[in-house]
Amino acid sequence: MHYGNIKEEELKNKVAQDYFWILDCTQIVGNIDFCVSLHDSQPKLTKQPPLLWAEAKKGIADIYKSIAQLILTIGKARTFDKTFPPAFLGAFDAEKIAFVPYSEIMDIFYQNDFNWNVAPSNHTTKEFLQVLEKVKNILDTQALIFYFGKNKNDKELKNFITENFVAGKYGITKTRIDKNNFMVIYNKWVQSVKPTIAVKWELVKQINILDGDFYLADLLSQENNTLKENLFVVLENNQYQLDRIKDEMGMFNSKIANFLDKQKAHTQFWSKYERPPKEEYWDYIIARRDLLVPQDVRERKGSFYTPQIWVELSQKYLADTLGEDWQDEYYIWDCAAGTGNLLTGLTNKLNIWASTLDKQDVEVIKDRVQNGANLLEKNVFQFDFLNDDFSKLPQNLQEIINDSEKRKKLVIYINPPYAEASDKKTLKKGTEGKTGVEQSKTNKKYAHLLGQGNAELFAQFFIRIYKEIPDCILAEFSKLKILQGHHFIDFRTHFLAKLEKLFVVPADSFDNVKGIFPIGFMIWDTKIKEKFESIVADVYDKTGIKIGEKNFESQTTNQYLNDWVKPFRADIAQNQLIGKFPFKGNDFQNQNMVQIVHHKMEYNTEAGQFFINQKNVLIACIYFAVRKCIPATWLNDRDQFLYPNKNWENDTEFHNDCLAYTLFTNNIQSQFGTNHWIPFAEKEIDAIEKFESDFMSKYIAGKVDTNVTFNLFNKVEKQNQKPLVFSAEAKVVFDAGRELWQYYHKSIKNINTFLNTKPNANASLYDIREYFQGRNTTTGRMNNKSEDETYTKLMDNLRDSLKVLAKKIEIKVYAYGFLKA
């Protein structure tokens, strides 16, 4: 309930302010609760009738009864005889608002022998029930209902008011559907209409019909009759026909699907949109049926439409690698074709085959062939590459696969699915993951070769191609895990082929791919047996402009950063802990997850934990600074942090730079216990009181013995350690941090302890940020900025100094082999 249980007058004021603020909601017309008109100052050609008369109800109300009461209120006073009637009648409560054109209601006011003298608020009278029955029939077909505060619905409501509450406007302006918004409207249709269709969705999936086919039947219809006949589902008035098969007489046999609510939700939904779209969009929308698929199905089937810019570039790389006449000299099979767009631009249709898991996608490709696509219809077929036997392939393709010489001239050209098992632990246990990725026949056959890489569908495609279509050319779009990932060590051991070419592009340039990481196009020659070691790839931005090159190298087991740091872990039983961080991958995609937090805080508990004490605090800071000093980008997202060489060990300036960086970038929060990470002594920052722990300032001063085991937080008089010496860049960071801490303690001195708000003298950097920036009252998240200009300036200074220090550390990260350039 967006507005909560507020009083009716307050509700009317809020709705007026939030949605009708540009209009006049102050007029009082008889006993009508809520009236909307143009302001006197707004331009109008003639006397303008009001825009809306509405009934208001606090809390949650029955919208039918509210409008019925409004009609009785208007009819009893004959308001429509005394003033112009409005364009719309409506009703709203704390949750929703409904509109219905006045023209659809007005006949009710001219009924013969109707008693209008009853109390409109009495919902039990014969007259009220009579009006209510008429209202239900009208609202079910003509009303537009919007829900307050629901992002997309809220935007639609505001657009509706903007487009329809204007001078001289007659009739409702409906949203037009085109090739840019049909997917957005599909998502709304799934929420509103799909649940009201009498279909067992899991069963219709078995005949390869999905909810998107019902949406297309709706979308490409006029007056509830589908205009395009060759769809898998068609709408005929108040029912759908599906699984249509022509018999010997050319007549259709089909299954019928009805509505559970007498088509009420369907009618209300489509009252907001103008359909069908312009005919020029029809073929595009049908060809992009791949978008009208639930996310889990789309991932499993590989329905990730390859942008034309990368299709063209990949074919250029194929020509550069195989020769300009490659299309005449090689055979081409896209075994994860979707709707076939990867094959656009190829010229020799005699040498091209396209297969896909989805029967409907096969029909889409064949429809495109009928409309000029350069493919042979007989070479387009349904085939489940990970489960079907090759004996199901067309005979002419089987002959190529079974001929060792012809096979060398076969290019498997694919953008395969990117789905992975939801929980890699299930792979080790042999149980079924959420997506069923690991249950394919291919995986069961080759899991021992894939290792943990069997979590990825594209890896299963590649291993079957490699083992069962040997010596072919594999030209594929995929993530770069197969080149660098820790889980693909086994795969790289068994997949021996020469990587001839590679270009990489941002993943979010592909439809429906979320995330900031690279996707590569790779050309493998599987007849050349060699283990992948490294390659220099071309790098392109989203627009197709080459922006540089990048080296990608393979790694072998026990060469990763987490393997290096694990032996330094503190024993949790020692009770001398000051913090922890999770082991979360070895690459940049997990960078945000790597945070130093209080050891009592529940954080990333599914990952392994590195506990920190006085003996390993420096190692922890080196690890943290190495992982955090370089920003994550789409290009370095899969770069692996590695086991370093030994040159870092004697570089004390590097050690101390990492410590300084970590002290001012950690996420320690004092609410979970004593903060041992305050980098200053009380006198340095004029603290309001003594700190609970002075460990870090003593550590910096050389007053903590890291070579013996003792109670970390006891006073120790005799020490052997020397004060740490910091670089010029680190000193600037300390100076900026010191000013920030000083300003914080100066600020909290003024907190009124009488109000039972005790100032936090032991604040960490996180606590200081929270103090000045505050939290969003709705989401609970820390705000991004503060209204305190002094704090903002001090924080900016600290961040600027950290950027300089990070750049200095970055040089050593590469020099010491933590990353490869």
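## Conventions

A crossing of two helices is left-handed if the near helix is turned anticlockwise from the far one by less than a right angle, and right-handed if clockwise. Helices (H or I, at least four residues) and strands (E, at least two) are DSSP runs numbered from the N terminus. The model is predicted, with local features needing pLDDT of at least 70 and side-chain atom pairs counting only at pLDDT 80 or more, while totals for chains, interfaces and linings use all residues. Residues are numbered from 1 along each chain as its sequence is written, and side-chain values use heavy atoms, hydrogens and water being left out.

## The open sheet

Nine strands, in the order S15-S14-S13-S16-S17-S19-S18-S20-S21, form an open sheet of mixed pairing, where two strands pair if DSSP finds at least two bridges between them. Strand S15 (380-382) and strand S21 (546-553) each have a single partner strand, so one side of each is left without a neighbour in the sheet. From one strand to the next the twist averages 20 degrees.

S14 (residues 352-356) pairs with S15 in the parallel sense over three bridges, and Ser355 stands opposite Phe381 in S15. Helix H15 (residues 359-370) packs on the sheet by touching S14 and S15, contact meaning heavy atoms within 4.5 Å.

## The helix pair H29 and H30

The axes of H29 (residues 765-773) and H30 (residues 789-815) come within 11 Å and cross at roughly 145 degrees; axes are lines fitted to C-alpha atoms, for helices over the stretch in contact, and angles run from 0 to 180 degrees between N-to-C directions. This crossing of H29 and H30 is left-handed. Residues in the contact include Phe772 of H29 and Met795 of H30.
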